[in-house]
Every structure is written in structure tokens, then in C-alpha cells.
Amino acid sequence: MSPHDFFITPFSYGFMQRGLLSAVLLSLSGGLLGCILVLRRLALMGDALSHSLLPGIGIAWLIFGPSTTALFVGALIAGLLTALGSAFLSRLTRVKEDAAFGSLFIIFFAGGIALISKLPTRLDLTHFLFGSVLGVSMPDLQLAAAVSTATVVTFIVFFRSILLETFDPIFHRATGGRGGLVHFCFLALTVLNLVAALQTMGIVLALGLFLLPAVSAYLWCDHFNRMLLLSVAFALVGSVAGILLSYHAGLASGASIVLCLGAVFFISALISPHHGIISRMAKLVSRSPGEKSPFA
Amino acid sequence: MPDATHKILRFRDVTVCYGRTAALQQITLDIPCGSSTAILGRNGAGKSTLLRAILGWHSLATGEILLGDAHPQHVLPRLAYLPQRQSIDWDFPITVRAVVEQGRFPSLKLCQRLGARDHAIVNRALDELGITEFASRQIRMLSGGQQQRVFLARALAQGADIFLLDEPFAGLDLFATEELSHILRAWETQGRTVLASMHEIDLTRQVFTQGVLLDTTLIASGPIARVLSPENIDRAYRQGRCVHDNPLHLARTTEFPR
């Protein structure tokens, strides 16, 4: 197979072009958001959030049919309900926020699965759970473009507030920053991006496009802005490679994107010059026995 | 002549409540300009609440706090707040210089970049705290004392004249403690106003000239030697839920220089 057949021919199909464009757009915003998720230790919360979107999608489908806008609004409402609900639960009861979030998302997810399995129309559940590059329609692409633009613009304009809120929220507040607002915008952007990534990636795997590039970049960078840029670069490489893999090997698009990004992550974890396994092992070996181990 | 000095921070009948519990009750207090003041008291006596009330984070049930003639929320650039060490993620991908540059952020407009003047201020702050040579290191690659100095430098870069430090000595080793004491004493001679919540009474006597002793109500305030009299310490700490027989044995039996 010539390079042309490998890299170019797949994208002569309209659905592949749309799939690629959607993945590229969401890599830009997902790579940025992922960094904040990783640095604020919200990675698992992001996962929970993505699962909780399902009932919103189910209900929207039930009422409005396969309209992108309806699915989008439904998912948005479900995501915000989970986020706000767990915030309320943790403040009004003894339950801590992580447990509240965990409980709510699993209930929402179960509700969504129950709902979709009972839907009168012939709707493929796996399509929502794992995504399909075939399913990216023109409105989906417009949605991805809008969400991605909004995210990138927010990051450029409010870069300093985002940095302060992520690094030192107390200082941000003490200098007159509106931490609550930044946090809410961040949650809203996360939900928007998850919804936009739904068609290509699916609910269960969408977070991989955000999280894996960021956590890989985290292993390489000691500067916040470089981490953001590298994360976006990883996301772009991973999603293009993943779409090609999905085309040539006939795999589900979401899964193959996540697998490609996963490879980047494992390689980074292994060979990163300061924070990787090999360099830490080397330091461990060169230390005298009395010194404290970095793994302790 | 403490009475002749200008009072930079004035508390008038300040009460702060968490739900039904009063964290601070009817505090009336003046902080002299250019002084270094320690806030002492048992756990839950309202030390941190007092600092945060200055920043306007707690709505006051009664009274008011004045910075000069204004409410502090309206002159936030004059205040620099140093959070406790453990609230920082030391693995964050950020260098010393980038942390100090954050001190300039509040005075920049949206999308405005750091200018030559900002860089000069950052350099001066790095220089004053002796961390210029570490400026390009990631913040984990520093000792505890150096890390503390990075955040002091950020506070300097803010251009504030009042420094609110929450437990600045917590978690510092002997050498770093000495270092920070030296810095705080130097700041006082330079006319900077420092307000710090403190735990260790001996150390407080060595570093600070003014003191505020709290037990949700005000026990005493003024020159540190007078505030930390055995009677006042007894009143502030003994009425708490302390189960030890005499937890401040050292402080009460040792002679301290005035």
C-alpha cells in the first residue's frame, strides 16, 4: 500500500472528512480542558460526568427525535444536574463530594441505559456508548466547531484566571478573582465538549480524548503553557492516527483514537526524561541505599 | 509610642458567624502601620477567620473593617495574602519565575501581556528574596524555605503594602524558620505591615513586635511582651478544650528578652 493510499485515500469519503475534522476540532479544545482536569485532580470526575449525560440524551431522543440540538441540550442538562446535584448532596448531607458524584453518575447512567433499551425507535445503544465516525453529520460538525472555538477563545482570553484558579485558587480569590465563575465555566465547557465528542468518541470513551493527551504532556513539561500546547499536539496526533487506524483495521473510531492516545501515554510514562519510569529507576539505582526512594 | 503611629487596619465591633457559631465576637482592634503583628490563640480561636475577614471572604454579622478610610474589598491590590503551604500542588508544571509573575496578574487588563515594568518588578522581587538563581526551576526542586520565599516574592511583586500570612512557619525546618524570621524582621524595618497567624509562642516573641491574642473574643492586643503575659496566655488557652495539664509549661517558666 502506497503512502497515498494509506494517508489520503481514506479521506476521499465525505464521512471520513467529517469524522477527521470533528476529531481535529475537538482535539484543540479537549487537549486544553484535559490539562485542567489533570492538574485539578478532576480526572475521575470528568469520567463520571460523561457517563451521566446518557439519560439526557435518551430523553431528548424520546421527545425530539434525532435532532443534534435536542441531544446537545438534553446532555447538557443531565451533566449540569449531576454536577450541581452532587455539590448540593455533599453540602446538605454527610456524604463527601466524590462519593456523591459517584453515586449520582451511576444512577444517571443506569437510568439512561434503562431508558434507551425501552425506546420505541430502533436506536443502537452502542452507538452512543462507543461512538461511530460514520455518524458525524453536518450539524454535529458545526456543533464541534462552535464548542471548540468557544473553548479555545476562553482559554486565550482568560488564560491568567484559569492558571491562577488551577494553581492557587486561594490566591486567585484573594486578588479579587471570581473562582466560582471560572469553575462553573470550566464544568460547562467540559460538558459541552463531551457532548460534541459524542458522535465520534461515544460517551464512555470521549474523556480519553481529553485526559490522555493531557496526562502524557504532564509527564514532559515543567511549564503550564507548554503543557497546554503539547497536550493539544498529542491530541491531534492521536486522533488523526486513531481515525486512520479505525479505517484500515475496521475498528470503532472512539476505541482506536483512545488506543493511539494510550500508546502515547505509555511511551511518555516510560521514557519521559524527568518524570518517567526509566529515569526514576535510574535515579533509584544511582542513589545510596540510605536515601529515600521516590516511590516511598 | 504606639499610640502616635498611624493605624492602618481598624476593626470596629467585628463579629463573624459560621451558622450559629460565632468565630469572632465583637473584635475592636487597631493594627499600627508598618508593624509586624502576630495573631495567636488556640485552634478555632478565629486566627484564620480574622485574616480572611480582612479580605472580605466572610460577611460580617456586626461591625466593620477599615483599611485607611476604605473597606478592604475595594483596595485588594494593597493586600497580599499568603496561603498555607499545604494548599499548593508542588508538582504543578510551573517555574519559580512564573509563580512570582502571578503577582503582576491582578494589575493587568484582560489579554494584556507582562510589560518591561512588570518584568523589572518580578526581577526585583526574585532578587530581594535571593531566589534569582532558582528562577527557572520547577517549584518542587526547592527546599521548604526556598519554596516559602517564592510565595513571599509573589506577594512583593503584587506591590502590596500589607501582608497577610496564614501560618507562615508551619512545616518549616530550623534553618528555614531562621531564614523567614530574618525576612519578616527586615520587612518591618522597611515599613511593611505584616499580619501573621502563629502557633509557636517562643518564636512569635522573637519575630513580632505586636500581638493579637484571640479566643473568638479579643483577649489582648498591643506590644508583644504585654500581650503574651502569663495571665493572658492562660485566659486564651486554658478556657479551651485543652486536655493537657499545662501545655504551655515552657512558655510560662522561661525568661524571654523583651
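**Figure 1. Arg149 of chain B in its helix.** R149(B) sits in helix α4 of chain B, which covers residues 144-157. Like everything shown in these figures, this close-up comes from a predicted model. Is R149(B) buried or exposed? A residue needs 20 or more other C-beta atoms within 10 Å of its own to be called buried. R149(B) has 25 C-beta neighbours inside 10 Å, so R149(B) counts as buried. Setting aside neighbours within four places in sequence, you can find R149(B) in contact with L129(B) and I131(B). Now look for G103(B), 46 residues away along the chain: its C-alpha atom and that of R149(B) are separated by 13 Å.

**Figure 2. The largest nonpolar core and one of its residues, Leu164 of chain B.** This core, the largest nonpolar one, contains 157 residues. Which residues have the most contacts inside it? They are A153(B), F163(B) and L164(B). Helix α2 of chain A, residues 14-39, supplies the largest share of the core, with twelve residues. Zoom in on L164(B) and leave out residues up to four places away in sequence: L164(B) then touches L51(B), I54(B), L79(B), A80(B), Y81(B), L82(B) and L195(B).

**Figure 3. Helices α13 and α14 of chain A.** Two packed helices can be described by the angle between their axes and the distance between the axes. Here, α13(A) (residues 206-220) and α14(A) (residues 224-249) have axes that come within 8 Å and cross at roughly 130°. The two helices are therefore oblique to each other, and α13(A) passes α14(A) in a right-handed crossing. On the α13(A) side, the contact is made by L209(A), P213(A), A214(A), S216(A), A217(A), Y218(A) and W220(A). Their partners on α14(A) are M227(A), L230(A), S231(A), F234(A), A235(A), G238(A) and S239(A). Sorted by class, this contact has ten nonpolar, four polar and no charged residues.

**Figure 4. Helices α3 and α11 of chain A.** Here is another helix pair to explore: α3(A), residues 43-51, packs with α11(A), residues 179-196, at an angle of about 55°, and the axes are 10 Å apart. That angle makes α3(A) oblique to α11(A). Their crossing is right-handed. G46(A), L49(A) and S50(A) of α3(A) make the contact with T190(A), V191(A) and L194(A) of α11(A). How do the residues of this contact divide by class? There are three nonpolar, three polar and no charged residues.

**Figure 5. Where chain B touches chain A.** The contact takes 17 residues from chain B and 17 residues from chain A. On the chain B side, 13 residues are nonpolar, four are polar and none are charged.

Key
Residues are numbered from 1 along each chain as its sequence is written. Chains are lettered from A and ligands numbered from 1 in the order in which they are written. This is a predicted model: local features need pLDDT of at least 70, side-chain atom pairs count only at pLDDT 80 or more; totals for chains, interfaces and linings use all residues. Axes are lines fitted to C-alpha atoms, for helices over the stretch in contact, and angles run from 0 to 180 degrees between N-to-C directions. Helices (H or I, at least four residues) and strands (E, at least two) are DSSP runs, numbered from the N terminus. Angles under 35 degrees count as roughly parallel, over 145 as roughly antiparallel, 65 to 115 as roughly perpendicular and the rest as oblique. A crossing is left-handed if the near helix is turned anticlockwise from the far one by less than a right angle, and right-handed if clockwise. Two residues are in contact if their C-beta atoms, placed from the backbone, lie within 7 Å. Ala, Val, Leu, Ile, Met, Phe, Trp, Tyr, Cys and Pro count as nonpolar, Asp, Glu, Lys and Arg as charged, and the others, Gly among them, as polar. A nonpolar core is a set of buried Ala, Val, Leu, Ile, Met, Phe, Trp, Tyr and Cys residues joined through C-beta atoms within 7 Å. A residue is buried if 20 or more other C-beta atoms lie within 10 Å of its own, exposed if 12 or fewer, and partly exposed in between; C-beta atoms are placed from the backbone.
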